[in-house]
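I opened this entry to look up helix packing and aromatic contacts. My notes follow the structure.

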Amino acid sequence: TDMLNANWMTMTLCLLAACAQAGAAAPLHADVVIYGGTPGGLAAAAAVVREGATVIVVEPTSHIGGMVTGGIAITDTGTPELVGGLAAEYFDAVASQENTGQQSPPVLLSRGREYKWRTPAKWDIEPKLAKQVFEKWVKDLRFQLLLAKRVESVGKKGPRIVSIRLTDGAEITGAVFIDASYEGDLMARAGVSNTYGRESGAQYGEKLAGVREPHFVRNYTEEQYATPTIEYMHHGQWGADIPVRDAAGKLLWGIDDSPLGEIGSADKRIQAFCYRLIATQRPEIKAAWPKPKHDHPARYELLLRYIQAHPGITFARLVHLGAIPNGKFDLNASGPFSIDYVDGNRGYPAAGYAERDRMLQDHEDYEKGFLWFLAHDPRVPKALRDEANTWGLASDEFVDNNYWPTQIYVRESRRMIGQYVMSEKDVVEQQTKEDSMGMGSFVLDSHWVRRIVNSQGFVRVEGHLDESIVLARKPYEIPYRSLIPKSEECGNLLVPVCVSATHVAICTIRMEPVYMILGHSAGVAAVMALRSGKTVQQIDVAALTQKLEAQKQVLHKS
């Protein structure tokens, strides 16, 4: 059955690709056109089909599922009971397929010692199974899916989108459009107001906005640096004063010596990206760390100084490891020099496709180079090299891409400036909304934005938010008004991923289950607009919320 399903999927995608290539003469058409086969986009598609309308999903990469199938195996839910509707249905379906196949809790080996890790939670999942469930959605719901297609331009009549043209010349027409991409390219090409980067604190009255005061140096003990931990070290810095220049006075790679700027001032910087990897110590599925296509050892001089400042530091301190089933781990960034390519994404949101592709390759080279350096550079202490080589990529994940994820973790990109801009107050103070489309509850989490030089010539990092105490995981409601543009700009577009929010607010909204919740709500809203003949701004929001609640969306805290 699995083979038949896979063959059906392959033939369908090939047929649709062929149709798209011929589409210049005969445009494809659907009631609702969705750009972005992200989890949010696929939830929107499922909602549209279940409402009885037709849909086409256009995904700019070669794979569906975005970060849920692309490496975020530790599902960030904040408060899982607030995840309802299609999102809960999806994650429950993936969890039902999991088989741990090992003792619980899992064991991590570091420097010859065994450490028991926390047991994977219900929604900590293997990407390959996550992908299978999404593929089943496509098969069972039979909606059209176009892969590796990017939007080139948008055709409008007045404030309404009538068509999109893809970079291969194919044209797609529709009645309502949804931009569920991570970058917001459809939204931007439709002339909808948007921004990226950090607002000033004054713009929306946010205490946490704009340029941040560099964090204090937290002095971990050497024993702590030598002990693996599941605790993030984002809130710590270098643990030592590390000079930023080499013997010749040249600035080390990856450090910005421009002025910090006024605290709270705006800029166009965004939090760092990375590829979320699936790593393992299981010898039967472990693939050695790959060598980068373009190797730049000089990039890791600062990393070497960081290692030398902390004798005995472990691999499991330089990265964050989160256990998922079957002896595999979600490998994320941890600390001031890790797999996050800090400041490597400057200009990414507004960049053209060729420039973005260059940046993606650069990120891949950086991250592979980081791991290769730890595993092979003779300047790295042998104990650390040996430990790094006990790890590798899980060879049963991302098998069609040499075990490397196809989706980079776009933690933030463009953000719509819509009917209502969510800001800090909406997630920490004024948390209820009459037109709620779903709820979030994760902490305000921004990764580092840049590495800087302090007045003494030492490296510091800036831009991080982990305001767990401020937010305290209190759930907040996301209004329909933040999913729709201003009426004069576009009347038939919904945006459930690049939502109308500030940098501070998006730092908590940006979790995949939340995007799925908002995608579900956007899909139902799109069909309501379609059938009523009204704009997305004019539909009956009370009727929409009633319908969503019947579909088990959690819109308000009980």
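**Helix packing**

I started with α2 and helix α15 (residues 512-532), which pack at an angle of about 35 degrees with their axes 7 Å apart. The model is predicted, and I read it as such. I checked the handedness next: α2 passes α15 in a right-handed crossing. On the α2 side I listed P39, G40, A43, A44, A47 and V48. On the α15 side I listed E512, Y515, M516, G519, H520, G523, V524 and V527. I then sorted this contact by class and got nine nonpolar, four polar and one charged residues.

I moved on to the pairing of helix α2 (residues 39-50) with helix α4 (residues 127-141). Their axes come within 11 Å and cross at roughly 25 degrees. Angles under 35 degrees count as roughly parallel, so I logged α2 and α4 as roughly parallel to each other. The crossing of α2 and α4 is left-handed. From α2, the contact uses P39, L42, A43, A46, V49 and R50. From α4, F134, W137 and L141 take part. I sorted these residues too: eight are nonpolar, none is polar and one is charged.

**Aromatic contacts**

How many aromatic pairs does the structure hold? I found 19. I looked up one of them, Y90 with F91, and noted an edge-to-face pair. The rings sit 5.1 Å centre to centre, with 80 degrees between the planes. Are Y90 and F91 buried or exposed? Both are buried.

Last, I traced an aromatic cluster. W253, Y300, F337, Y341, Y366, F370 and F373 form one cluster together.

Note on methods:
Residues numbered from 1 in each chain as written. Predicted model: local features only at pLDDT ≥ 70, side-chain atom pairs only at ≥ 80, totals over all residues. Heavy atoms only, no water. Axes fitted to C-alpha atoms, helices over the stretch in contact; angles between N-to-C directions. Helix = DSSP H or I, 4+ residues; strand = E, 2+ residues; numbered from the N terminus. Parallel < 35°, antiparallel > 145°, perpendicular 65-115°, else oblique. Left-handed = near helix turned anticlockwise from the far one by under 90°. Contact = heavy atoms within 4.5 Å. Nonpolar A, V, L, I, M, F, W, Y, C, P; charged D, E, K, R; others polar. Phe/Tyr/Trp six-rings, centres within 6.5 Å; stacked < 30°, edge-to-face > 60°. Buried < 20%, exposed > 50% of the residue type's maximum accessible area, 1.4 Å probe, protein only.
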